[in-house]
Amino acid sequence: MKKAVLFVSVLGVFLILHSCSNEPSSKENVVDNSKYYLLGNEISAAAQGALIQNLSKAIEEGGPSYAVGFCNLKAMQVIDSISLLNTCVVSRITDLNRNQGNKISNERDKKIWDYYKGMNREFPFSDTIVENTDNIVYYKPIKIGMPTCLNCHGTPGKDIDPATLAVIDSLYPLDLARNYMSGDLRGLWKIEFLKSIQ
């Protein structure tokens, strides 16, 4: 079943990228490559697990407002260490970013994002692999999966308490990552593998 869902996702993204691209198809192909699917899934799970573990610890130590400070100072260090360990570039992208470094910044990422954003939230999201000239990029959806996520990404005054909101506003004055509900698509893991080192 997982492979069937992956094929649907890969086919959909293939059609999006090639219908909107002026580049020759030899430079950009969507592939169903099990090696990169497995690597991407493993690395994104490790990154997600490391962030959740560290955030849970920060929440236990000082509550959600303290965890926002941790995210501001340490989240990128956690992601960078996962990248270094796996010889790849791990990042997160979204259209409603908190950290400016997570903002969608190129047309290819925007096409992938729009594809996932347009999907029915009840449909089981699958991972996507895109092959470019020099690299292979793995994308995996990030959903609001735990009630704890809403303490920082939910509705101000309802899910986000005033102390936490004050810290968010002070550390992230351009914050857009709020007003989510449980199950919403929050972002995408993006993992880039250089072909030359694989």
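This is a predicted model: local features need pLDDT of at least 70, side-chain atom pairs count only at pLDDT 80 or more; totals for chains, interfaces and linings use all residues.
1. As for the inside, 42% of the 198 residues count as buried.

2. Next, the overall layout. You can find 5 helices and 5 strands in the chain. If you walk along the sequence, they come in the order α-β-α-β-α-β-β-α-α-β.

3. Now for the largest pocket. Its volume is about 740 Å³. The lining is made up of 31 residues, and those closest to the centre of the pocket are Leu 55, Cys 71, Arg 92, His 153 and Arg 186. Those five are a handy place to begin when you look for the pocket on screen.

4. Which elements give two or more residues to the lining of the largest pocket? They are the helices α2 (34–86) and α4 (150–153), together with the strands β2 (89–93), β4 (135–143) and β5 (185–194). Helix α2 gives the most, with 12 residues. By residue type, the lining divides into 17 nonpolar, 10 polar and 4 charged residues.

5. Is Leu 51 buried or exposed? Leu 51 counts as buried because its relative accessible area is 7%, and the cut-off for buried is under 20%. Leaving aside residues up to four places away in sequence, Leu 51 touches Ala 75, Val 78, Ile 79, Arg 92 and Trp 189. Arg 92 is also on the list of residues closest to the centre of the largest pocket. For a sense of distance, the C-alpha atoms of Leu 51 and Lys 74 are 9.3 Å apart, although the two residues are separated by 23 residues along the chain.

6. Finally, the cysteines. How many disulfides are there? The count is 0. Take Cys 149 as an example: the nearest cysteine sulfur belongs to Cys 152 and is 8.7 Å away, whereas a disulfide needs the two sulfur atoms within 2.5 Å. Cys 149 counts as partly exposed because its relative accessibility is 22%, which falls between the limits of 20% and 50%. Cys 88, with a relative accessible area of 10%, is buried.

Technical notes
Residues are numbered from 1 along each chain as its sequence is written. Side-chain values use heavy atoms; hydrogens and water are left out. On a 1 Å grid over the protein atoms alone, a cavity is a set of points where a 1.4 Å probe fits but cannot get out, and a pocket is an open set with protein on both sides within 12 Å along at least five of seven lines; lining residues have an atom within 4 Å of a point. Grid points are joined across faces, edges and corners, and a volume is the space filled by probe spheres set on the points. Helices (H or I, at least four residues) and strands (E, at least two) are DSSP runs, numbered from the N terminus. Ala, Val, Leu, Ile, Met, Phe, Trp, Tyr, Cys and Pro count as nonpolar, Asp, Glu, Lys and Arg as charged, and the others, Gly among them, as polar. Buried means under 20% relative accessible area, exposed over 50%, partly exposed in between (1.4 Å probe, protein chains only). Contact means heavy atoms within 4.5 Å.
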